[in-house]
Amino acid sequence: MKVASQQRRAILRAAVGGVVGATCSTLANSAIAAEPLTITPLANDINLISGAGGNVVVVSTADGQVMVDSGAAEFSDVLLETLRELPSSDRIHTLFNTHWHKAQIGSNANIGQSGARIIAHEKTRLHLATDFYLPDQDRYELAQPAAAHPTESFFTGGETVIGGQQITYGHLLEAHTDGDIFVRFSHANVLVVGDVISPEVDPVLDWFGGGWIGGRVDALEFLLNNSDDSTRFVPSVGPAVGRAEVQTEYELMSTLFERLVELIRQGNRPEDSLAAGVMDGLSRNFHDPMKFVYAAQKSLWAHHNTLSHDIV
Ligand SMILES: [Zn+2]
């Protein structure tokens, strides 16, 4: 279903200029923000809402709606309106946040005020409850209002049953930020994984926010080891993908990890690594290879624990 009124298009266009990414892909947000919200069914009771700055997954249960992520704040009104068009709209029971970037938490306050439970990693709760620094913008992101904060947080993972459906969730250590999680809806074999996979746009490593390329490789391997050929993975940007796409991304990241470890061990700066061909012959082309290599090398320095004898 497409939400296509001229009025709503105008609202969405007006919102484009207002999208403020934290450190997540502003390019990605801008690219999709001009489109109206779309609803794509993933199962009888699961819908994917796209176009709200970041993907939003909605599961309709007998006890109300269960959401994963709440889009960017600029889209809150149109997102809430779209939620009302889906089944079980009398109540939002629980909202999960896959991480703390602004494209994932924009409607938290509105949804929290309605009395919904908000579940996220403890690092996500801290980021939403505290001012934090954005080095690429040289400014502090202010804490969110109390209603936007997770009401339940965890470090490793957990499970819950809502409307008879089992939901499991867990930490994906340092894959994109320091607070990434997966949310699994077992009955439909759907895994919502936020920005931990990025099949459509350049993968983002928020190195200052705790993401690193090694964590991303580990997380992708974990997802492959905890899925099957019929599992669908929902990223923050783009349509749901299958295991083959995650396998391809795992191999891509593993290759880049191995190349960059060696290049950084030799003392190469990001521009040196690019010139040396670190991005050559990959399974995909990056829109901004320098941005990725810079973030990957920054992330690697934070995890560097071996200085070999021949380092230059
Ligand atoms: Zn993100």
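Residues are numbered from 1 along each chain as its sequence is written, and side-chain values use heavy atoms, with hydrogens and water left out. Because the model is predicted, local features need pLDDT of at least 70 and side-chain atom pairs count only at pLDDT 80 or more, while totals for chains, interfaces and linings use all residues.

Five strands make up an open sheet of mixed pairing, in the order β10-β11-β12-β13-β14. Strands (E, at least two residues) and helices (H or I, at least four residues) are DSSP runs, numbered from the N terminus. Two strands pair if DSSP finds at least two bridges between them. β10 (157-162) and β14 (232-235) are the edge strands, and each pairs on one side only. On average, neighbouring strands of this sheet are turned by 20° against each other, direction ignored. Inside the sheet, β12 (residues 181-185) pairs with β13 (residues 190-194) in the antiparallel sense, over three bridges. Leucine 191 in β13 is the bridge partner of arginine 184.

Glycine 215 lies in helix α7 (residues 213-225). This glycine 215 is buried, at a relative accessible area of 3%. Buried means under 20% relative accessible area (1.4 Å probe, protein chains only). Beyond its neighbours within four places in sequence, glycine 215 contacts Leu173, Glu174 and Ala175. Contact means heavy atoms within 4.5 Å. Glycine 215 and leucine 173 are 42 residues apart along the chain, yet their C-alpha atoms are separated by 5.8 Å.

A nonpolar core is a set of buried Ala, Val, Leu, Ile, Met, Phe, Trp, Tyr and Cys residues joined through side-chain atoms within 4.5 Å. The largest core has 34 residues; Ile197, Ile213, Leu223, Val246, Leu256, Met279 and Phe292 touch the most other members. β13, α7, α8 (243-265) and α10 (289-302) each supply at least two residues of this core. The largest share, eight residues, comes from α8. Leucine 223 touches residues including Leu172, Leu191, Phe233 and Val246, not counting those up to four places away in sequence. A second, separate core of 20 residues includes Leu42, Leu48, Phe154 and Ile181.

The axes of α8 and α10 come within 10 Å and cross at roughly 65°. Axes are lines fitted to C-alpha atoms, for helices over the stretch in contact, with angles from 0 to 180 degrees between N-to-C directions. The two helices, α8 and α10, are therefore roughly perpendicular, a term for angles of 65 to 115 degrees. Among the residues making the contact are Leu256 and Phe257 of α8 and Phe292 and Trp301 of α10.

Technical notes
Buried < 20%, exposed > 50% of the residue type's maximum accessible area, 1.4 Å probe, protein only. Parallel < 35°, antiparallel > 145°, perpendicular 65-115°, else oblique.
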